[in-house]
Each structure stands twice: as structure tokens, then as C-alpha cells.
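Please read the numbered points with the model at hand.

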Amino acid sequence: MKCSNRINGVGTSPVRKLIPYANGAISKGKKVYPLNIGQPDIKTPDLFFEAIRNYKTEVLKYVPSNGMPELINAIKDYYSGYGMEYAFEEILITCGGSEALLLTLLALADVGDQVLVVEPYYANYNTIFKALEIDVVAVSTKAEDGFHLPAKEEIEKVIKNNPKIKAILLPNPGNPTGTVYTKEEVQLISDIAKENDIYIIADEVYREFVYEGSECVSFGTMEGIEENLIIIDSISKRYSACGARIGCIISKNKDVIAQIYKLCQSRLSVPELEQVGAAALYETPDEYFKEVNEEYTKRRDTLYAEMSTMEGVVCSRPEGAFYSMVKLPVDDAEKFVIWLLSEFDINGETVMMAPGEGFYATPGAGINEVRIAYVLNVEDIKKAMNIIREGLKQYPGRTV
Ligand SMILES: Cc1ncc(COP(=O)(O)O)c(C=O)c1O
């Protein structure tokens with residue numbers, strides 16, 4: 001017996017790939033700073049837990065497949081606050097942004113269709129592409145340019161050469177890059193999608209995580225792309241509620257929503273209690289975001305300041321989200337991370353990062369890069385940076 005070729009083609013997550021090495025280090029009594037995974041350490045607002053405690057029910061039911069009305073209405077109001085007016089019927093609640101992505105791609109692309117991404121890109125997209133037999137086409141961006149988009153002609157050339165492109169899928173603010181697209185870039189993608197009749201899947205789960213000088217321009221604010229646009233959203237990062245598994249799909253394209261709704265019906269329901277908690281989270285005062293962003297700004301600044309002084313390291317200053325894609329002066333970043341975990345420590349402490357190659361579609365790209373998630377407090381980030389600095393000096397495969 002054999003599992004499907006489809007599933008055999010799915011690779012290991014670069015974020016979790018080296019966990020056995022981290023476990024090895026931990027079993028030897030070492031402390032490992034986890035810079036590999038985007039799990040925020042910020043407290044989930046109490047509103048979530050209070051709402052669930054106060055919710056009276058005797059039976060945990062299948063709730064409506066499109067989501068509980070109180071949550072849909074809360075999301076509707078939240079979008080309205082950003083000047084984006086969506087109707088109740090234009091919002092579908094999902095099990096996290098992850099299910100939102102899966103259902104959207106399932107509804108939009110046939111086997112052998114292509115989806116355009118901007119590399120480096122969120123590695124989990126690959127799992128869905130492989131599982132659905134969607135071919136990925138990548139436009140490349142570089143750390144030296146802050147991972148911003150290339151000229152319109154370059155993107156159009158890729159589209160002309162790949163007639164099966166059905167959609168452009170991009171996170172903004174970006175994971176793994178921390179790049180926040182300018183209004184001009186959002187306009188550029190919108191124009192391209194419109195002119196070429198392709199969908200935009202705008203993954204905006206980090207919308208609030210933008211630091212001074214940058215602004216997250218939602219694709220939902222662009223005019224004329226209503227039929228092209230599907231927004232992917234989630235409470236995971238916004239309210240540090242990854243474990244609640246609540247996200248949504250938003251679109252004014254009636255057909256797309258109707259098709260995805262069939263998939264929602266087939267999985268019956270998203271958990272009831274978590275939707276009750278999520279609806280309450282949308283009442284979180286703005287002060288929360290201000291405090292959280294101040295904290296992430298400090299972390300970002302610490303990471304960037306430390307990285308900038310390391311010889312041979314190329315690091316663009318992240319503008320949003322909580323990731324940085326960093327080029328290291330090493331032969332192979334995966335080997336370097338394994339070496340850090342297996343053979344290196346400072347006073348019994350070492351670090352875990354996600355090797356960069358898994359965030360690229362182009363073979364060999366990102367081989368000397370790592371993705372760092374700055375989800376630790378400033379003191380821990382400083383300690384982790386010191387371990388990387390000293391590790392780079394001693395690593396046998398260093399290139400400077
Ligand atoms: C860019 C991006 N999109 C979507 C997700 C999915 O998040 P969730 O399924 O927790 O909502 C993540 C999670 O890290 C992400 O980084």
C-alpha cells in the first residue's frame with residue numbers, strides 16, 4: 001500500500017525541520033532560543049477567556065458552516081473601521097488563516113494551474129500547492145532591495161510566459177521578509193491582476209504589525225479589483241491567539257464565496273467556543289495594538305542593530321510582521337543551524353532558526369539565508385544574537 005503521489009510530494013516545513021536537533025540540544029541540558037517559529041509570546045487578551053467563561057450552553061453544537069453571526073458581524077465592523085465595507089455574506093469563518101488558504105486555493109485552481117508568488121514566501125503555501133498539484137511560479141526579490149517588488153514589466157513578463165497563472169498569492173506585511181508593500185506596489189499588483197484577469201489572494205494576517213514609517217495598505221481598499229480579490233485573515237497574530245484556530249475568507253466575488261461555502265459546508269463547522277472568544281477579541285481597545293507594536297519595534301530594532309554589526313551579514317530592516325530574512329556568511333545555512341544546535345553553545349545556550357532555502361521556489365536560492373522570528377523579549381534576542389555572532393566566528397563553513 002502506498003499513500004498518494006500528491007502527499008508524497010509534500011516536503012517538510014523549514015520552520016519545524018530541525019526540531020529533532022533542537023530536542024537533541026535540550027536533552028543534553030542546553031537552553032535553545034526558538035527564533036524559528038512565529039509563535040508570539042504576547043498574552044492573549046482576557047476578553048477571549050471571559051467571553052467563553054460567560055457563554056452558557058449545554059451542548060457544543062455544529063454552528064453555521066459560514067461562521068457564527070456574532071463573529072461575522074464583529075469582523076464586518078472591524079473592516080468597516082478600516083474603511084472597507086463588506087456584507088455579512090461576503091465573510092466566511094475558517095479554522096485559521098491556514099484553512100482559509102487551503103479552501104481558497106482548492107476553489108480557484110485546478111490541477112496543473114499556476115499560482116504566482118514573490119519569493120521568498122511563506123513556506124506553508126508549498127504544502128497546499130503540492131497537495132493540490134498547483135504549480136508555483138516565483139518572482140524573485142532580494143534582501144539588498146528590502147524584498148520589495150521588481151518593476152511591473154518584470155512581473156508581466158513572468159505572467160506572459162506562464163499562461164496558466166490563476167492567482168497571485170502574497171502576504172502583506174510579509175512572512176518571511178517583514179516587508180510591507182508601498183501603496184504603489186499594492187496598486188501595481190492590483191493593476192496586473194485586473195489587466196490579466198487573475199485573482200489576488202491577499203494574505204493580510206499581519207495587518208496591524210507595521211512599524212514607524214510604514215503603513216499597511218490593504219488590497220481591500222483598492223478600487224476596481226472587487227471581483228479579483230480574496231482576503232485571507234486570522235486572529236492568530238492580531239490577538240496572539242494562534243491556538244484558537246480562527247480565521248476568515250473575505251471577498252466581494254459572489255461566485256468565489258458560493259464555491260468556497262460548499263467546502264465550508266462539507267467540513268460542517270468551525271469550533272463554537274473559539275468563535276465566541278474570537279468575537280469578543282474584536283472589542284480589544286486600540287491601546288493593546290499600540291503596546292504590542294512598541295514591544296515588537298524594540299525587538300525589531302535590537303535584532304537589526306545586532307545583525308548590522310556582524311561581518312558579512314546582509315539584513316534588511318523589517319518594516320512589519322515579526323520576521324527577518326537574513327543572509328549569513330556561511331556555505332549552507334541549514335548546516336550552520338544544525339551545527340549551532342549540535343556542537344555550539346555559550347554557557348549552555350544556543351539558538352534555533354529556520355533555514356532559508358524552504359522559503360524559495362528557485363532551486364538553490366536562499367541557501368545561505370535564515371528566517372528569524374523576533375518573538376522573544378529584548379534580553380533574550382540580545383543573548384541569541386550574541387550566540388549567532390560568536391557562532392559565525394567559529395563555524396568551520398564560514399565564508400568570511
Ligand atoms: C503569512 C501567513 N499566512 C497565514 C498564516 C496562518 O496562520 P493561522 O492558520 O494561524 O491563522 C501564517 C502563520 O504563521 C502566516 O505567517
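1. Ile249 is buried, with a relative accessible area of 0%; buried means under 20% relative accessible area, exposed over 50%, and partly exposed in between, with a 1.4 Å probe and protein chains only. Ile249 belongs to strand S8. Helices (H or I, at least four residues) and strands (E, at least two) are DSSP runs, numbered from the N terminus.

2. The model is predicted: local features need pLDDT of at least 70, side-chain atom pairs count only at pLDDT 80 or more, and totals for chains, interfaces and linings use all residues. Residues are numbered from 1 along each chain as its sequence is written, and side-chain values use heavy atoms, with hydrogens and water left out.

3. What does Ile249 touch, not counting residues up to four places away in sequence? Its contacts (heavy atoms within 4.5 Å) include Glu90, Ile91, Leu92 and Thr94. Ala100, Leu103, Thr104, Ile230, Ile231, Ile232, Ile257 and Ile260 are also touched by Ile249. From Ile249 to Asp203 the C-alpha distance is 9.7 Å, although 46 residues separate the two in sequence.

4. Ser251 is located in the loop between S8 and helix H9 (254–266). At 1% relative accessibility, Ser251 counts as buried. Leaving aside neighbours within four places in sequence, Ser251 is in contact with Glu90, Glu226, Leu229, Ile230 and Ile257.

5. In what order do the seven strands of the open sheet stand? The order is S2-S8-S7-S6-S5-S3-S4, and the pairing is mixed; two strands pair if DSSP finds at least two bridges between them. Strand S2 (91–94) and strand S4 (135–140) are at the edges with a single partner strand each, so one side of each has no neighbour in the sheet. On average, neighbouring strands of this sheet are turned by 20° against each other, direction ignored. Axes here are lines fitted to C-alpha atoms, for helices over the stretch in contact, and angles run from 0 to 180 degrees between N-to-C directions.

6. Strand S7 (residues 229–234) and strand S8 (residues 247–250) run antiparallel and are joined by four bridges. Asp233 stands opposite Cys248 in S8.

7. Two helices lie across strands of this sheet. Helix H5 (residues 96–108) lies across S2, strand S3 (114–119), strand S5 (165–171), strand S6 (199–203), S7 and S8, and runs at about 160° to S7. Helix H6 (residues 124–131) lies across S3, S4, S5 and S6, and runs at about 160° to S5.

8. An open sheet of four strands has antiparallel pairing and the order S9-S10-S13-S12. Its edges are strand S9 (314–315) and strand S12 (354–355), each with a single partner strand, so one side of each is left without a neighbour in the sheet. Two bridges pair S12 with strand S13 (residues 369–373) in the antiparallel sense, and Pro355 stands opposite Val370 in S13.

9. There are 22 aromatic pairs in the structure. Rings of Phe, Tyr and Trp (its six-membered ring) pair if their centres lie within 6.5 Å; planes under 30 degrees apart count as stacked, over 60 as edge-to-face and the rest as tilted. One of the pairs is Tyr78 with Tyr282, edge-to-face at 5.3 Å centre to centre and with 70° between the planes. Tyr78 lies in helix H4 (residues 69–81) and Tyr282 in the loop between helix H10 (272–281) and helix H11 (286–308), so this pair ties together parts that are 204 residues apart in sequence.

10. Tyr239 and Tyr282 also form an edge-to-face pair, at 5.3 Å centre to centre and 80° between the planes. Tyr239 lies in the loop between S7 and S8, and Tyr282 in the loop between H10 and H11, so the pair ties together parts 43 residues apart in sequence. Tyr239 counts as buried at 1% relative accessibility, and Tyr282 is buried with a relative accessible area of 12%. One aromatic cluster is formed by Tyr78, Tyr79, Tyr82, Tyr86, Tyr239, Tyr282, Tyr288 and Phe289.

11. Arg207 lies over the face of Tyr82, at 5.9 Å from the ring centre. A charge sits over a ring if NZ of Lys or CZ of Arg is within 6 Å of the ring centre and within 35 degrees of the ring normal. Arg299 lies over the face of Tyr296, at 5.1 Å from the ring centre.
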